[in-house]
Amino acid sequence: MMTMCAVILEISDRQLLVRNSKTDQEVVVNTHCNCNFRVGDRVMIFYSGAMTMSIPPQISAIRIRKAPFNICF
């Protein structure tokens, strides 16, 4: 399992557009949860490690949690 620390840029139905804090790359995150996140939230995304080659790339989240500021950023 891989972990990505990111900031939420946009929220849509079952998808988040985030900016990866490590690479500064935008990534679409497919999720099955009806999470209570807001634009600007810092999150930790747990995923299988598979990422599409699309632009922007996509991942499917296994779990997403709000991130403490000092862990990822």
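In which sense do strand β1 (residues 2-12) and strand β4 (residues 42-47) pair, and over how many bridges?

A: Strand β1 and strand β4 pair in the antiparallel sense, over six bridges. Two strands count as paired if DSSP finds at least two bridges between them. Strands (E, at least two residues) and helices (H or I, at least four) are DSSP runs, numbered from the N terminus. Residues are numbered from 1 along each chain as its sequence is written. This is a predicted model, in which local features need pLDDT of at least 70, side-chain atom pairs count only at pLDDT 80 or more, and totals for chains, interfaces and linings use all residues.

Now turn to β2 (residues 15-20). β1 pairs with β2 in the antiparallel sense, again over six bridges. Here Ile8 has Val18 in β2 as its bridge partner. β1 and β2 form a hairpin with two residues between them. Arg14, in that turn, has a positive phi of about 65°.

Next comes the wider setting. The five strands form a closed barrel in the order β1-β2-β3-β5-β4, with mixed pairing. From one strand to the next, the twist averages 55°. Angles run from 0 to 180 degrees between N-to-C directions, with axes as lines fitted to C-alpha atoms.

As for confidence, the chain averages a pLDDT (the predictor's confidence in each residue, from 0 to 100) of 91. Of the residues, 93% score at least 70. Confidence is lowest in helix α1 (residues 69-72), at a mean of 68. Where pLDDT is low, the predicted coordinates should not be read in detail.

Notes
Heavy atoms only, no water.
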